[in-house]
Amino acid sequence: MARNKHPEETVEKILDVSMRLFSEKGYEHTTIQDIVDALGMSKGAIYHHFKSKEDIIDRLNDRYYEGLDWFPDLSKIPGENGLEKLRYAFRHFLTDPAKRKVDRLVIGYVVKNPKITLLTLESTFRDAAPYVEKIIRLGMADGSIQGVEYPREVAEVLMLLTNVWTGMFAGSREEFARKLRFSAEFLKRFGLPVLDEQLQADALNYYDQVIETL
């Protein structure tokens, strides 16, 4: 059998078609066979690159971040200092239509599907928290973030509060808003006043446009 000389193109095709099918039919109602039929590939070709649907959706999430030209380089994040950069990153992820599209695929099933729940938790500690820690340390160096004694732990708590507690277990809009206010006050006491009123307003709009519609 001839080897695929362009595996990257194949992966992109699988991701594009999967994204379309997940959006049209819903994640739960889309099967690997649906993806196979839409692509005109063999099932083996799909499984060569992805072990499961959960693997595909995890890669879709990763691809979103890889497409941000400012994401890998902290100096490219808009903002005069570390605190402004951190707020910009959170605001972007709450308001960007492309991010909301990916999140609609994930959030509705994250609690129902243990595999996606585990992938979300792993990504929170493996990828998101270390990235946030770097920005916090940048803010500590430039003086915009003061009083943080445990930057690594604060970064992990921040991501748990936002990705898991308010994201995965949002509850009603009133509960969500209360969790936001608590998170803002809690983080401020540990030296990280990142969740200002504007970010909380953006998060409430995110709830209305993404979580409430699921």
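I begin with a definition: helices (H or I, at least four residues) and strands (E, at least two) are DSSP runs, numbered from the N terminus. This is a predicted model, in which local features need pLDDT of at least 70 and side-chain atom pairs count only at pLDDT 80 or more, while totals for chains, interfaces and linings use all residues. Residues are numbered from 1 along each chain as its sequence is written, and side-chain values use heavy atoms, with hydrogens and water left out.

I turn to the pocket. On a 1 Å grid over the protein atoms alone, a pocket is an open set of points where a 1.4 Å probe fits, with protein on both sides within 12 Å along at least five of seven lines; lining residues have an atom within 4 Å of a point. The largest pocket holds about 1000 Å³ of space, a volume being the space filled by probe spheres set on the points. Of its 40 lining residues, Tyr-65, Lys-99, Asp-103, Met-159 and Asn-163 are the closest to the centre. Two or more lining residues come from each of α4, α5, α6 (97-110), α7, α8 (151-165), α9 (173-189) and α10 (197-211). Helix α7 gives the largest share, nine residues. By type, the lining has 25 nonpolar residues (Ala, Val, Leu, Ile, Met, Phe, Trp, Tyr, Cys and Pro), seven charged (Asp, Glu, Lys and Arg) and eight polar (the others, Gly among them).

Next, the aromatic residues. Rings of Phe, Tyr and Trp (its six-membered ring) pair if their centres lie within 6.5 Å; planes under 30 degrees apart count as stacked, over 60 as edge-to-face and the rest as tilted. The structure holds 14 such pairs. Tyr-64 and Tyr-65 have ring centres 5.3 Å apart and planes at 80 degrees, so this pair is edge-to-face. Phe-71 and Tyr-131 have ring centres 4.2 Å apart and planes at 20 degrees, so they are stacked. That pair links distant parts of the chain, 60 residues apart: Phe-71 lies in the loop between α4 (53-66) and α5 (82-95), and Tyr-131 in helix α7 (residues 114-142). Both Phe-71 and Tyr-131 are buried, that is, under 20% relative accessible area, with exposed meaning over 50% and partly exposed in between (1.4 Å probe, protein chains only).

Finally, helix α1 (residues 7-25) has 19 residues. Among its buried residues are Ile-14, Leu-15 and Phe-22. Gly-26 follows α1, with a positive phi near 95 degrees.

Methods: Expected span 1.5 Å × (residues − 1).
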